[in-house]
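Open the model in your viewer and keep the selection panel handy. This tour goes from the open space to the ligand.

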Amino acid sequence: MKVLILDSEADAIDRAAEIIAETLREKPDAVLGLATGGTMIPLYEALRARHEDGLSFAKARSFNLDEYIGLAPDHPASYHRYMREALFDHIDIDPARAHLPRGDAPDAAAEAEAYEALITDAGGIDLQLLGLGRNGHIGFNEPTSSLTSRTRVKTLTESTRKANRGYFDDEAQVPRFAITMGVGTITEARHCLLIATGAAKAAAAAAMIEGPISAACPASILQMHRRATIVLDRDAASELKLSGYYEHVHPGGQDSAFDRGGA
Ligand code: PGA
């Protein structure tokens with residue numbers, strides 16, 4: 001794992017945006033795995049700014065991690081809508097190549113299977129962006145998700161429903177189920193980039209990086225990944241025991257002299 005600790009949330013966002021931009025500059029037709037949530041809002045603003053400065057998504061393809069079951073793409077709290085408003089409407093990505101699972105599909109299990117096949121047909125994901133749940137989830141893979149799981153229907157925990165309550169009029173409206181890429185789907189990406197900011201993520205970040213690899217903390221599977229980059233601000237890094245070492249290897253969250261993408 002490459003653990004990059006940045007002084008502030010703004011610096012962490014900027015570092016993550018630069019990693020995504022570098023990927024697109026090296027491979028303009030990259031397949032990007034995208035994420036939603038509060039953490040990603042400033043990140044997508046940073047990508048929009050880079051687009052205004054010439055970064056193109058025209059040849060790229062994208063696959064979002066997840067979508068709530070029962071929400072149509074135009075529902076104000078759907079991830080389809082989030083992605084259009086936060087990113088897609090502001091950049092030059094071809095909407096036909098920007099994929100999310102359909103939450104209103106008549107057969108959610110079949111939709112999940114078809115989504116997994118679409119990712120495979122696209123040649124797999126080059127760079128998968130990830131947020132971190134306070135309970136250690138990635139995508140909507142809640143604790144005890146199989147570490148080899150594929151895209152499927154998951155039941156959300158009450159803590160996740162509460163964390164996302166702000167996007168809905170009241171708690172009763174927060175969906176109970178989602179279609180999510182599996183942990184195995186996620187870790188097949190050639191590069192995983194997880195970003196976590198704020199003290200509320202400190203315990204989950206410590207469990208992910210320094211705890212045992214366990215389905216109790218699905219993000220901990222990134223310890224097994226050949227190329228996982230974890231970008232944290234100081235608050236999210238505050239419970240790490242070895243932060244001095246990570247900062248020694250990557251001062252200021254920058255690449256080390258020997259860096260060739262491995263971790
Ligand atoms: P957040 O969500 O960015 O809204 O905290 C992260 C997640 O649950 O994956």
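A pocket here is an open set of grid points where a 1.4 Å probe fits, with protein on both sides within 12 Å along at least five of seven lines. The model is predicted.

**Stop 1: the largest pocket.** Show the pocket surface. The largest pocket holds about 520 Å³ of space. Its lining counts 24 residues. Select Gly 37, Leu 132, His 137, Asn 164 and Lys 201: these lie closest to the pocket centre. Now colour the lining by class.

**Stop 2: helix α5.** Select residues 158-163. This helix gives the most to the lining of the largest pocket, with three residues.

**Stop 3: the ligand.** The space it takes is the largest pocket. Which residues surround the ligand? Select Gly 37, Gly 38, Thr 39, Gly 131, Leu 132, Gly 133, His 137 and Lys 201. By class, this shell has one nonpolar, six polar and one charged residues.

Stop 4: Zoom in on the ligand's oxygen atoms.

- Thr 39: an N or O atom of the side chain is 2.5 Å from a ligand oxygen.
- His 137: an N or O atom of the side chain is 2.6 Å from a ligand oxygen.
- Gly 38: here a polar backbone atom is 2.8 Å from a ligand oxygen.

Finish with the ligand's surface. Taken alone, the ligand exposes 280 Å², and the protein buries 78% of that.

Note on methods
Residues numbered from 1 in each chain as written. Predicted model: local features only at pLDDT ≥ 70, side-chain atom pairs only at ≥ 80, totals over all residues. Heavy atoms only, no water. Near = heavy atom within 4 Å. Polar contact = N/O pair within 3.5 Å; in protein donor to acceptor, adjacent residues only side chain to side chain. Areas by Shrake-Rupley, 256 points an atom, 1.4 Å probe, with all protein chains shown as cover. 1 Å grid on protein atoms, 1.4 Å probe; cavity = no way out; pocket = protein on both sides within 12 Å on 5 of 7 lines; lining within 4 Å. Sits in = over half its atoms within 2 Å of the grid points. Nonpolar A, V, L, I, M, F, W, Y, C, P; charged D, E, K, R; others polar. Points joined across faces, edges and corners; volume = space filled by probe spheres on them. Helix = DSSP H or I, 4+ residues; strand = E, 2+ residues; numbered from the N terminus.
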